[in-house]
Structures are given as C-alpha cells and as structure tokens.
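Visitor: Hello! I would like a close look at a single part of this model, with some of its surroundings for context.

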Amino acid sequence: MKANKNLIEGIVKLGRIELALSYRIPLIESMAAIVAYTSCISVFMVIFQTIGLNLVLSDTLYNGPENVGAYQQIISERATMSYALAQTSCWTFFTILVPLFFAFTLARAFEDGTLRTLMSYPISRTMLLTVKTLVFIIVISIPVILIPLLLIATYLPSEAIVNYLGLFIISTLLSVAQLSVTSILLSVLSKDAATTAVVGVLLWVGLSYLSSLPTIPIHFLMLCSPIKMLSNYAVGLYPEMINWELLFLLLGSLAFVAALFIIGIRVFRRVEI
Amino acid sequence: MTDIIVSVSGIKKRFGKMQALDGVEISIPSGVSGIIGPNGAGKTTLLRVLLGLIRADEGRASVLGLDSEMQSLEIRRRIGVLHERPIYPRFLTPLEYLKMISDLYWEHREPIELLKLVDLDKACDRKIKDLSAGMHQRLGIAQSLVGYPEIVFLDEPTSNLDVTGRNAVLQLIMDLYNNTGTSFVISSHILSELERICHNLVFIDGGKVIESGRLVEIFKKYASDRWRVLTSDSEVLYRLITSLSGFENIGITGVNTISFSNKGDINTIRHEIESIAKEHEIDVYDVSRSTSLEEVFKEVSRNESE
C-alpha cells in the first residue's frame, strides 16, 4: 500500500516537472485556443438563434406563438448540423494534432536536450516514459472529450448523453492512447520531431481512410479506431452484437495499446540520449 | 583525496563511421578533475557513457564503484549533473524549479539555501527566462547540488559566459569544493580555466586518453623544461633561436611570444636569449618557465603524435 502511494506520488511529482519542462512551448495555449474557438462558435450560434426565436415569439406580425414548434424544429436541425460539424472538425483537428504534439513533447526532447536534463535526475526511463505518456493522454483527452460533451449538452436532451457517456469516454481515451503510444514509438525510433510529425500524420490519415471503408473488418476497426467502432455500434451497424462482445473488442483494443506501450518502453530503455 | 570516484576501462564507442571513444582508460580520484580536449575529442561522449545515457560498444565504466550501464539510476541518486546548454522551464522561478527537483531525491538540500550557496537568492522570484547567462549557469550548478551529490559532473560549464561570468562560476566551484567537499568532474576545452581549479587532469584527443594524472605532476613532466619568451619581434627571434643548440620544439605562440624546450638553468637560457637578441637589436622583456596548460596540452599532443 505504501509502495503504491510512493509510486503515485512519484508519478505526480514527475508529472509536474514534465508539464513544466515539455509543455513550455505553447501547446496548452494552442489547445485552449482550439477549445475557445469551437466553444465560441457554438455559443454564438445558440445566442443568435435564441435571440431570433425570442424576437419572432414576441412579434405578432409573424404569429410567433403559433409557429413556435416549427421554429424549434429549424433550430434543432441547425443545431444538430452544427454539432456534427463541430465534433467532426474538432476530432479530426485533435487527432491530426496528436502526433504533432507528441513529436514536440518527446521527439523534440531528444533534439533540444530536455531529455538529457531529465535523465540527469534519479528517474528511471520506464517511469519517465510512463509519466510522459500519461500527462500527454490527459492533456489531449480533456479537450477531446469535453468539447463534444459540451456540444451535446448544449443541443441534445440529457438522456442521450447518459446512454453513451461511458462508452464515449472509454473509446475516446482508447483512441487517444492508441495515437499516443504509436507516436511514442515513432518518436523513440526517429528521435526527430519533423519525422515523427510527418509519419504520425500520414499514419493517422491512412488509418482514418481505412476505417472509413465500408468493408473494413470489425477487428481491424477495433485496432485502428475504437471511437469509429463505437459510433458504428451506437447507430446500429452491428445489430447482432451483444454487450460482452463489445466489451471484448474494447479490451482487445486496450491490450493492443498496452502491447504498443510495452514495445515503446523496451525501445526507450535502450535508446541513446 | 585518493579515493577513485570514476573508473573507465577499455571503453569504445562508435557513431556511424566516427570512432568517438577508442579504448579509453582512466581512473579519476576525488577532488576537482578536468577532462580536457578540443571540440569533438570525445569528452561529452565519455560523460554520457558515465551517466548511462549511452551504451559503450566495448569496455566498462563505473562511477562511485557502480556500473554505469547496469546501475545508472543508483549513480544518478548520488551525483549531480550540469549538461552543456541546459534547458529549464522558462516560466518557473529558480526557487520553484529547485523545489520541484528536490522532490525527486530522498534527501535534499533546502532550495533557498542552495540559491544562497550559488548567490542567486536575490533572483529567486524572477522567471528563469529573465535570468542572465551567468545566473542561468549558477542555477544549473544549484540544481546539480540538490541531492547532496558526492560528485558533480559539469559539461562545459562556462562555454556561453563572458569573462566575469566565467570567473564567478570558477570561484563558485572552488568555494563549493572547499566548503562542501563535493568532488567535481569538469569537461572543458578552455584550458586556462581548468588549470586554475583542477587537482587532476585527463587529456582526450581523437577519442583517446593521451595523458592523465595530477595537475602538478603533469606540469612537472611536460612544463619543467618548457620556456616562454616575451619579445618585440617573435619571428626574427624564432629564426635566431633555431640556430642555437639545446633549444628544441621551438614555436611562435603569439605576435610577441615564443616557446621552446631547454633542459638548462634559467640564468644560462636567459643569458643566451638576451645576447643573441641584443646582437640583432631585438628587445626581450621576459624569459620565464611556461606554465600554461595550453602549452602542456600542445606538448602532450606533440608527444602523442610522435
């Protein structure tokens, strides 16, 4: 128990240093800007449509009270469309940025000597890579999960959120973790930010294309895009699938992430800094 | 003073076609020690091997009796390191950074005491990005001292400093050694600095150790018969001296300086030089033993190439 506490304390302490050292370039600011941008679009849309609705309702010329249902329908359709667009663009934006961000936090650390500085303290390589990955997943996941949730909460009834909330969060985390550990491998193998970024983005675009193919086997989809698999499940593309099969597929996806991470650590333990 | 703190035996390391280390053998005792060599000699590579950051192709290295490859973590608990051009979080203050680093050690010095030790306490609330190059380097030394290290490795600690900053850092290292007893291993290509503060020296060139030992013994070995002349015309005097017997390894070391080897006594040498210079109306201002590390390094390199 005490050993676990010490381990967690160690991870938290190292996590603070990692945040301070590796995120000195404006990563956090960039992500905050993206969040602010998408939130602003959503909020403005709601405000404008609410103002419009209120104007219409208060104006007898348009016979507002009698047409309120129709107006609400229009607003709802537009809102759904804007939600879908925002979510898609946001998700694509983030997942393209994930390899780029990781290139800047790990591969760049090889180049500018940050890693050498960190490795002059009593920190094991396994611990360092674990903390780097955890911090990265947390930093990326928060906006990736929060923005769609905020948008959903704005436009959709609460029960729609509750139904798939757990699965949405798990599959999002899995997808971010998959991209992160793949980026770890690329960073550790190349030790070069530009290579990691370019190969990472190409890999992501390639996987996105593959996962959009209608004939893609579900097991491959599980490996390359858990969130896509869940979306398909949610819209009823796998009517014959039962819950434990879904759980099995998600666990398989998790095992894939874990295997990639272990390979990353083994490579990192031997890599020259 | 005689404990061996760093031991390297038969270390070889190759990067592609370049042989960075080629059978390095050294034993460094406690005290302040310098690893000297031109840029690209293999100093930083040797430090990286000692810290376990890279694996040697052949050979074995140990720090404080611990294997640098297998016990790297344990070594890093007992040493401090200042890399060349280190990077610290720019938006933290020195105090905040040292507090963070302190958490990584089982036992550590109080951050504010460390800042006082390196004379940075007045700037403890300034952001690291606002520190001068000298302050940045003093912060680097402070962070290397956090965990009560037995040895501190400094890689080119004065490379980006002006003369005042260099002197301050060198004085700090001497004070720290005298006050705390911490051993220092300093890698540098600026020889004049190392001769001021080092007890022991290791000369590296082309990935090989070409000489090592206590500074005074190295001087005795290479500089006891080495002389330097300050003159008004070094080129003419050089030609004149080459015709004299007993003068060897003569070289023009500057516009007004010549150096040479001679096993004679100072009065005889001075008399010979002054006589020949007077005949040709050249002024000689000083004839003295050459005790600069630069001269010694040239001598060592010359012997090695022969």
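Visitor: How many residues does the largest nonpolar core have, and which of them have the most contacts inside it?

Guide: Happy to walk you through it. Please keep in mind that this is a predicted model. The largest nonpolar core has 115 residues, and the ones with the most contacts inside it are Ile36(B), Ala142(B) and Val202(B). Where does it sit? Both domain 1 (4-214) and domain 2 (224-305) of chain B give residues to this core, so it lies between them.

Leaving aside residues up to four places away in sequence, Ala142(B) touches Leu98(B), Leu114(B), Leu115(B), Leu117(B), Val118(B) and Leu120(B). As a general background, nonpolar side chains tend to be buried together in soluble globular proteins.

Now step back to chain B as a whole. Its 306 residues include 42% that are buried. Among contacts in chain B with a separation of 6 or more, 68% are between residues 24 or more positions apart. The chain B fold has eleven helices and 14 strands, and its C-alpha trace spans about 70 × 45 × 35 Å along the principal axes.

Within chain A, helix α2 (residues 27-58) has the lowest confidence, at a mean of 65, while helix α4 (residues 114-118) has the highest, at 87.

Note on methods. Residues are numbered from 1 along each chain as its sequence is written. Chains are lettered from A and ligands numbered from 1 in the order in which they are written. This is a predicted model: local features need pLDDT of at least 70, side-chain atom pairs count only at pLDDT 80 or more; totals for chains, interfaces and linings use all residues. pLDDT is the predictor's confidence in each residue, from 0 to 100. Helices (H or I, at least four residues) and strands (E, at least two) are DSSP runs, numbered from the N terminus. A nonpolar core is a set of buried Ala, Val, Leu, Ile, Met, Phe, Trp, Tyr and Cys residues joined through C-beta atoms within 7 Å. A residue is buried if 20 or more other C-beta atoms lie within 10 Å of its own, exposed if 12 or fewer, and partly exposed in between; C-beta atoms are placed from the backbone. Domain bounds come from an automatic or database domain assignment. Two residues are in contact if their C-beta atoms, placed from the backbone, lie within 7 Å.
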